[in-house]
Number of protein chains: 2
Amino acid sequence: MKKIVSIAAALLLTIGAFAQQALWGGSKIVSPQINDDNSVTFRLRAPKAVKVEVTGDFLPTQKIDTPFGQFDGPGFAELVEKDGVWEYTTAPLAPELYSYSFVVDGLMVRDPSNVYMIRDIASVTNVFIIGGGRADLYKVQDVPHGSVSRVWYDSPALKMQRRLTVYTPAGYEQNKSKKYPVFYLLHGAGGDEEAWIALGRMSQILDNLIAQGKAEPMIVVMTNGNAGEQAAAGESVEGFERIPSMQQRGMMDGAFELSFPDVMKYVESNYRVYKDKKHRAIAGLSMGGYHSCHISRYYPDKFDYIGLFSAAIMPDKNATCPVYQNVEDQLDVQFAKKPALYWIAIGNTDFLFQANVDYRKMLDEKGYEYKYYETGEGHIWKNWRIYLTEFVPKLFK
Amino acid sequence: MKKIVSIAAALLLTIGAFAQQALWGGSKIVSPQINDDNSVTFRLRAPKAVKVEVTGDFLPTQKIDTPFGQFDGPGFAELVEKDGVWEYTTAPLAPELYSYSFVVDGLMVRDPSNVYMIRDIASVTNVFIIGGGRADLYKVQDVPHGSVSRVWYDSPALKMQRRLTVYTPAGYEQNKSKKYPVFYLLHGAGGDEEAWIALGRMSQILDNLIAQGKAEPMIVVMTNGNAGEQAAAGESVEGFERIPSMQQRGMMDGAFELSFPDVMKYVESNYRVYKDKKHRAIAGLSMGGYHSCHISRYYPDKFDYIGLFSAAIMPDKNATCPVYQNVEDQLDVQFAKKPALYWIAIGNTDFLFQANVDYRKMLDEKGYEYKYYETGEGHIWKNWRIYLTEFVPKLFK
């Protein structure tokens, strides 16, 4: 035991002052603390601060002015100081995965007592989960777990090696003669092949739905939908000097759709999968819904299950890529082949809500079959996690 | 383009104020900025702050008082304010992966302009890399990349499903008839199956050494060496409510060594690997060096390549686990079988330096063959990355 303590001490000191507060320092600060009634207490030791606030998606929204107009953003609550430690307790919160940051005298900072953070584009925030109800699907439960792999595939169409995230369900390694269906799951603008794993809680949702018998065991493939990028921020040759932003290379110019057969070829050459339409699904959020719409239309024999989550729909009128020509004719072809499921989901305050109303109106007029799922709120991960939990049980049945 | 911008704006606003500064806000803050002479400029917008410092492992060390005595820790440098933006430029830095944090009026905070952070036990710090020399091995280069998978294996010995990180080299998926050697790479106290991937830069180092022809293509298996834990912080059923610390369950009580055949069984059942001694290596840092020492001794027919990086060596005198009985007799057996490489590396200011001197003296007295590699400095990731780059080219040749 003495030896363990001395190793602990020494390891600590290699990281020196960094770790001091978190590992040993004085009275331990616990933050966030989830209380029995699902209220949450935040704490921050900041004896010299004048004003400390917490901001997060569990607080009432407030209007924010931006170069693009006024939008809803997360609200702020003030912490109260006692003996140098600031504290705030929320009202009881509904089950959900929440994000938050502190604001100390105007400077946005992460909670030093909470190592759990998730990057969303260029922002890193702390996270916590209030369990119960649907949010129990977002937690790691005591069930068999799938594998999550970061692999590289060759894309001749894009002339580069590119990174993919692949989920294989529990049992894939053991059941060596079993074949699986494949679900291609695409991210939104500013995202990458890490997005559905991080804020999307994809692997937990699939593990849990499969363990409950509510979803078929399936392989889930998460691409990088920015056709000009090799990989997520920090994972390409640009390294840590790349500053992530909303503006990625090759987002909605058709190049990603044209290169999609390269992804399918890699998956179907390297995994034990069925290679027919009825064992393939594609869905995505926002820009990924746009990609799913156009990929499934452009390759009408490939996907039997299509999901548009808060999707951008129609290409720019001046788009020249062959993928975006003859859209309506190709939709005719796609729907004549009667996909098993064409599923549209959106929140009723989403800035893309009206575009989705218009698209559904067009589908209705043509008599195309689809299912529609509407939630409250807007263009947020809370909705995309909900849509994933609703969509996946409908696949391959 | 209008559509892309509107999606960008809306996505931004779902994360609202969080993202505002990083994505759009006023004049953009670039931090850290690596200058042509390899000096680094740090910047932080904090108009209300009175004092802003940066602390990191590129600054001269300073003495830190702890409950375990006085140790060296990273130093501090003050930033200078102009128009609300604080700034500091280092001297030119040697090639290396560096960690840092800001200290704003006594509060340690992460750099809001840098999304790249790595968790080390309970501390999260920003990171950057100065390229050149050996540090080029730590960067993602334009070479074929291996896959990195998080998988779960069954450990009957520990009565739980446990998480592993597995690196398979570039070409593994394509060369379906080729078999590979296996290198088991173990973490230190407070670490887990993520440690070598994060601060260890294991996948970059292997990708680069293999591409340069300096290392054999091999599978690298990174276990969780805390026998009482299923998985890294945040990846087990304890979820985000687990507070990581140096004190993990089942660190050096022999249970991990006794359960090691469960890991090997999983790997040898699920990957295309050779299953003989000359195609197996084991190495680890600190506690992982201790585990490597005792696993390779307790199973003397299993590993031909053994690496002790800044290793803890001898078990507690009162240890009762069968693994720790008859240590010297078993070392006799292990060395009589002449391992291809028994490699000991340590820094000359490491708190375990004398323990390693004593161990080598014992090996010398017995006439056992080993190789020794000494560096400056102590118990730090800089050394462990160096040892990995030195050890891997010696394997399986």
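**Helices and a hairpin**

Reply: Let's start with α6(B) and α7(B), which are roughly perpendicular to each other (65 to 115 degrees counts as that; under 35 is roughly parallel, over 145 roughly antiparallel, the rest oblique). Bear in mind that this is a predicted model, where local features need pLDDT of at least 70, side-chain atom pairs count only at pLDDT 80 or more, and totals for chains, interfaces and linings use all residues. Residues are numbered from 1 along each chain as its sequence is written, chains are lettered from A and ligands numbered from 1 in written order, and side-chain values use heavy atoms, without hydrogens and water.

Me: At what angle do the axes of α6 and α7 of chain B cross?

Reply: Roughly 70°, and the axes come within 8 Å.

Me: Which residues of α6(B) meet α7(B)?

Reply: S296(B), R297(B) and Y298(B) do, and on the α7(B) side they meet V327(B), Q330(B), L331(B) and Q334(B). Contact means heavy atoms within 4.5 Å.

Me: Switching to chain A, which residues are buried in α8(A)?

Reply: F353(A), N356(A), Y359(A), R360(A), M362(A) and L363(A). Buried means under 20% relative accessible area, with exposed over 50% and partly exposed in between (1.4 Å probe, protein chains only).

Me: And what do those buried residues pack against?

Reply: Several elements of chain A, including α6, α7 and β19.

Me: What follows α8(A)?

Reply: G367(A), with a positive phi near 75°.

Me: New topic: what do β11(A) and β12(A) form?

Reply: A hairpin with two residues between the strands, and I121(A) in the turn has a positive phi of about 60°.

Methods. Axes are lines fitted to C-alpha atoms, for helices over the stretch in contact, and angles run from 0 to 180 degrees between N-to-C directions. Helices (H or I, at least four residues) and strands (E, at least two) are DSSP runs, numbered from the N terminus. Two strands pair if DSSP finds at least two bridges between them.
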